[in-house]
Amino acid sequence: MRELIARQLSRCRMRMHPLPTKHVQQNTPIMPTPAWQHTGYQHIWMPYTQMQTAPLPVPVVGTDGVRLILADGRRVIDGLASWWSACHGYRHPHIEAAVERQLKTMPHVMFGGINHEPALRLAQRLAALLPGDLNRVFFSESGSVSVEVAMKMAAQYWLNRGVRGRTKFVSFLHAYHGDTITAMSVCDPVNGMHAHFRGFLPEQFNTDLPVDEESTAALDRLLGEHRDEIAAVILEPIVQGAGGMRFHPPETVTTIRRLCDAHDMLLIADEIATGFARTGTMFACEQADVVPDIMCVSKALTGGTMPMAATAATDRVFEAFLSDDPAHALMHGPTFMANPLACAAAHASLDLFEREPRLEQARAIETAIAEQLAPCRELPGVVDIRAKGAIGVIQVDQLRHVGWLRERFLEEGVWIRPFGDAIYITPSLVISPEDLSTLCAAMVMVVTQWSELGE
């Protein structure tokens with residue numbers, strides 16, 4: 001087996017050849033390079049990518065159901081559902097039809113001083129769907145911006161009540177809340193991808209999740225000692241996503257809510273990744289029977305069709321902004337907030353959650369993933385196997401041979417993008433049992449081969 005994998009590695013290297021650009025040399029993947037990629041790549045700046053050394057991205061020319069259609073004609077199962085946003089699969093006809101109808105009527109209109117029905121009906125639907133009295137919805141165009149809005153709301157909540165100095169936030173180790181400035185400040189400052197911006201970002205409090213008596217007492221002390229500085233605690237409930245796909249029990253969320261109440265803190269729930277059935281309930285907070293003061297949602301809100309996010313606040317938070325003083329208003333307004341096309345997609349996505357058994361599908365996916373990835377548990381280099389809703393994770397001690405992993409997954413007909421210490425999947429909720437088995441089987445096969453490669 002070791003010789004086989006060594007030959008595969010050798011073939012991978014032999015298949016790669018330099019692509020000239022104006023500034024750097026890139027490596028191509030094993031498939032032919034389309035002309036548009038060959039020329040256009042000299043002008044693009046890719047996310048999370050060292051452009052000097054990274055291989056060319058996989059060229060995709062179409063999508064269908066749970067599959068990506070590659071430039072060479074291959075149709076591969078998307079194990080990530082485009083960063084877990086395409087919850088209903090790609091090109092769902094109900095969402096497509098809704099967007100097409102809206103396109104013919106009103107693609108976009110500013111939301112300053114103007115209302116339109118798709119946005120107001122969507123706000124009403126979300127208020128009815130979200131936990132508790134999260135009745136006021138502010139729309140934006142990305143998850144990271146929705147976090148910025150939430151933090152701005154929390155800080156101004158205290159200012160509007162005449163309280164000065166409560167402008168800092170508490171977040172947790174392995175947290176990830178986005179790539180904009182203030183959102184980066186509440187990501188893990190040591191283990192996160194933004195650690196090298198220390199000194200540039202606002203300084204916040206970052207601590208362990210309260211998972212036992214010691215960590216609970218530490219959080220209690222932190223909140224007590226800095227009560228006059230802290231505006232809110234921000235949490236990814238149940239699953240910390242881009243910080244490593246780490247899970248914690250509902251009791252942890254309950255503890256954080258209790259401590260926030262005890263110290264008169266606001267609680268922000270970042271459900272950008274966990275919302276809309278990803279963890280097996282419509283929203284992860286429901287598993288703890290907790291209502292946050294502010295909640296952020298995005299990704300699956302439009303079924304992965306259009307960029308959109310929402311920041312929802314309770315009546316108590318909203319009422320702090322009501323005043324005869326214009327300065328008490330929330331001074332925020334993205335140009336494309338409440339975009340009618342995105343609203344139409346969101347309405348259609350919510351229709352599907354109402355009509356089709358998405359929660360049951362998520363729970364069935366969890367059972368299948370847990371069972372089918374179990375053979376990896378004893379492999380050398382594997383630290384943990386876990387599943388929660390439509391999330392499956394193989395955690396490793398050190399993620400070696402990343403390029404080889406991605407290529408091998410493509411050879412097996414699946415798209416999986418390992419990062420950090422996790423080889424994970426977040427498939428569409430509509431994935432068939434057969435496709436899910438293909439996805440899991442590819443993970444088991446490739447990770448078994450990877451574990452035998454060694455250093």
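Me: In what order do the four strands of the open sheet come, and what is the pairing?

Reply: Strands of a sheet pair through backbone hydrogen bonds, either parallel or antiparallel. Here the order is β3-β4-β5-β17, with mixed pairing. Strands are DSSP runs of E, at least two residues, and helices runs of H or I, at least four, numbered from the N terminus; two strands pair if DSSP finds at least two bridges between them. This is a predicted model, where local features need pLDDT of at least 70 and side-chain atom pairs pLDDT 80 or more, while totals for chains, interfaces and linings use all residues. Residues are numbered from 1 along each chain as its sequence is written, and side-chain values use heavy atoms, leaving out hydrogens and water.

Me: Which strands sit at the edges?

Reply: β3 (60-64) and β17 (414-415), each pairing on one side only. β3 runs antiparallel to β4 (residues 67-70), joined by four bridges; Thr63 has Leu68 as its bridge partner in β4.

Me: How many salt bridges are there?

Reply: Side chains of opposite charge can pair when their charged atoms come close. The rule is a side-chain nitrogen of Lys or Arg within 4 Å of a carboxyl oxygen of Asp or Glu, and the count comes to 21. One network links Asp64, Arg75, Arg91 and Glu96.

Me: What does Arg257 pair with?

Reply: Asp261 at 2.9 Å, N to O, and Asp293 at 3.0 Å. Asp293 lies in the loop between β12 (266-270) and β13 (294-297) and Arg257 in helix α9, so this pair ties together parts 36 residues apart in sequence. Asp261 and Arg257 are four residues apart in α9 (residues 250-262), about one helical turn.

Me: Is Arg257 buried or exposed?

Reply: Buried, at 10% relative accessible area (buried is under 20%, exposed over 50%, partly exposed in between, with a 1.4 Å probe and protein chains only). Asp293 is buried too.
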